[in-house]
Amino acid sequence: MTERRQTRGERQKALAQKNKKKVPKSSGKLWFKRIFLTLVAIGVACFIGGAGMFAFYASSAPELKEELLKDPVSSEFFDKNGDLFATIGAENRKYIKYEDIPEDMINAILATEDVRFFEHHGMDFYRLGGAIIANFRDGFGSQGASTLTQQVVKNSFLQNEKKLKRKAQEAWLAFQLERKYSKEEIFEMYFNKMLMSGRVYGFGTAAQYFYGKELKDLTLDEEALLAGLVQRPNAYDPLKNPELAEKRRNTVLGLMYQHGKITKAEMEEAKKVDVQAGLADDTTRQKFAGSKYDAFLDVVLNELEKNGDGSAMAEGIKVYTTLDPKAQQIVENVMNDDSNFPTEKIQSGVAVVDTKTGQIQAVGGGRNYGNRGWNYADDLTQNQPGSTMKPLLDYGPAIEYLKWSTGQTLVDEPMKYTGTQQTITNWDGKYMGAMTARKALYASRNVPAVKALKEVGTDKAKEFIGRLGIKAKNVYESDAIGGGDIAISPIQMAASYAAFGNDGVYNDPHAISKIVYRDGKTTKDYTPKPNVAMSDYTAYMVTDMLRDVVGNKPDASGTAANVSGLDIAGKTGTTNYSKADFDKYNLPSTSVPDSWFAGYTTNYSIAIWSGYEKHFDPITTWDERRLPQQLFKQIMKDISADVETPRFKKPSSVVEMTIEVGSKPLKLASDYTPSEKRQTELFVRGTEPTEVSNEYEAPELSTPYNVSANLDLGAQSISISWEHDAILDPETNEPLPTTFEVSATREGGETISLGTTESKGLTVANNLEDGNYTISVVAIVDGTRSEPGTASFQVTSMPDENQDPDTPDEPDLEQPTSPDQGNGNDNNGNHNNNGNNGNHNGSGNNSNNGNPNGNNGSGGNNGGNNTNNGTNNGGQPPTPPTDPVVPNEENDSTE
């Protein structure tokens, strides 16, 4: 059989197929192998690099020193001048041996901080893995995995920062520590080294500080509380933050149960105990005071905690504070002098802040303050501020957003809170009617304050105080008078008020400038940035109104706080109990829970609270109410001595105008506005009124009265005299310049000008012919002429030679008239030549008889006799004077 030969096309196709390059198929296993090998290579590289870096960092780790391991590293505190004023470390610490630590105390610490402490070798890799996952999930630093050993190392040699170098050194030193010391020795180091609160180190010291007990006498709930403190010593302090402390204690009890250290019944029983039950009294805690400026130092420690450095003290840091030692000593001297206080138990909290920077200069935490748990200057954050809120929440926003004048008309009248039947009252139970915003503030009237808040709106008011560091969830109408939900500490209040004295620039109050870590190079700045909280016109106009609070105007509420020679602005405040409180606690009618005063100069802003430790132990007397003012006056006077204090300066954005009080809209006072209605007030430039009020007409110019004329034949002169009631200048209350025009009119003849004068008398040469004349005196003020005052006058050149000499006759006695038949009141001011003139009623004559001693009944001058026998108002005898009345202090102006 013959084989078939391929065609040419088939041969070419076969050849192409043979020469075609074969491409291997991709394999999933091959790709996995490549990725795995790549990751291994990267891992090896990272391991080698990490190991090298770890070795490098470890080689530079500090040497383990036993004295540093067993004792706390001291932290140092410096005042504003850079001088050391406190060192906190191992002072007053009670050292406890491991064998003296109760088992439950050990279990509480291990369950909370390091449950595998007796199993690991310095590093707990199981816990580390969990922390790494948490950090990837929640962010770096969200959870730590430090063992007790690592914490001992960190607090002995390293600074508190989350850096690889520190972590590497911490791990290496922890491993070294485990090799050199037993677990029991390391636990003992931890137990005596850790910061427990403020300046208290070690669990043994904390047991005595918080409970006044030895460790062996602690109950389970107390041991759990101490074990939980280490994480955040100041935040979990049961004296200051009982709610947080209770939550933390219960967490520790839960962990103890979870790890089998206690039974469920024991856990639940311990959780029922009041977290503040069994706490030691102030006297016990004062033994642990570590500074002569305890109250200020407490504020510093709180600030460290707030900024995340609460545990940094245990690592030995330098803290540079804003403390003014002179001011602090003055505050402590005042607070420790019992003679400054009206009762034995009344308390006060004082904050002194630099007006320009917000730096806390001094703190008064309470009377005879030691290392107590409650600092009335810083921890008092639940008490209502009373009327000290009015500049902050009512009038400040009204000027800022509505451009109100200080003369804005407000009406103090009965009013209810919106949507309620609750009537807004004033401290005196009265209403004063229309008044300026200035008076409403310095007299501390409540209704106008609520009206101001309603006008500006609660949202705007909330925004305004927010820029002054006051955070409020909601603002209610009752907050307008400081009786709502808003509560602030004296420190915050002093800082908020300082913005008014600093041209509207606000600085957060702060007691720390910076901290320097143990290496001496790493620092952390604590100085906040200033913020413009309001316009300069708002700051100055509020300040100017608050000047009157401490001034001498009637109804001013803060006069007791005034310091002579200092330009001071300030505001009083008191709070109230509810009707239900009065009924429930049977309180006296004069009871109030809180009294405040906040005031400032261009240098210092000071806020002071006074009251009692228990809310329902009331203030009942005016001496107690005025205590903040008295303390303010003494402290401000002493700290301002020998210090230049510039006055508050009016900015160009503010103008002064004299307005007519009560006009609405405000109008300028006219020349005829009465003095009591004229008031110089401040306006935001561009909003000042231009229209002049026409409410009052020009006053009628009074007629000269008691006009008399005497002819001196020898001197050939005529002496004329008169009286006149001048118009008073509305602004100065001084008489306006008045000119008098004098003339003589002959009977049936012409009028002759005798001259003009500004005095109430005129002497002219006798150029008149014999005859009967009428002398006229006209008063002229700014071109306005009065009706003439007149008197009859006879001119005789020679006496009658044929006239017989005078012989004494029996006097022709005038019979007295009854009061209702007398000369009567002439209220129109017309004065006849008989001298009988209404309110100047008497029996003397102003006639051609030449008697110049016309009677002024109101003065009681009868005729020519210079005695007090004259009658007043139709012959009624004058009312005898009464003794002065001592003011009723319940009617004193306050709130």
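Asp-642 sits in the loop that joins helix H24 (627-640) to strand S19. Helices (H or I, at least four residues) and strands (E, at least two) are DSSP runs, numbered from the N terminus. This is a predicted model, where local features need pLDDT of at least 70, side-chain atom pairs count only at pLDDT 80 or more, and totals for chains, interfaces and linings use all residues. Residues are numbered from 1 along each chain as its sequence is written, and side-chain values use heavy atoms, with hydrogens and water left out.

Back to Asp-642: its phi is near 65 degrees, a positive value in a residue other than glycine. Asp-642 is exposed, at 86% relative accessible area (buried is under 20%, exposed over 50%, partly exposed in between, with a 1.4 Å probe and protein chains only). Asp-782, not a glycine either, has a positive phi of about 50 degrees. You'll find Asp-782 in the loop between strands S26 (771-781) and S27 (784-785), exposed with a relative accessible area of 76%.

## A cis proline

The Lys-664 to Pro-665 peptide bond is cis, its omega near 0 degrees. Pro-665 belongs to the loop between S19 (654-660) and S20 (678-684).

## H16 against H18

The axes of helix H16 (residues 390-402) and helix H18 (residues 446-456) come within 9 Å and cross at roughly 45 degrees. That makes H16 oblique to H18 (under 35 degrees is roughly parallel, over 145 roughly antiparallel, 65 to 115 roughly perpendicular, the rest oblique).

Technical notes. Axes fitted to C-alpha atoms, helices over the stretch in contact; angles between N-to-C directions.
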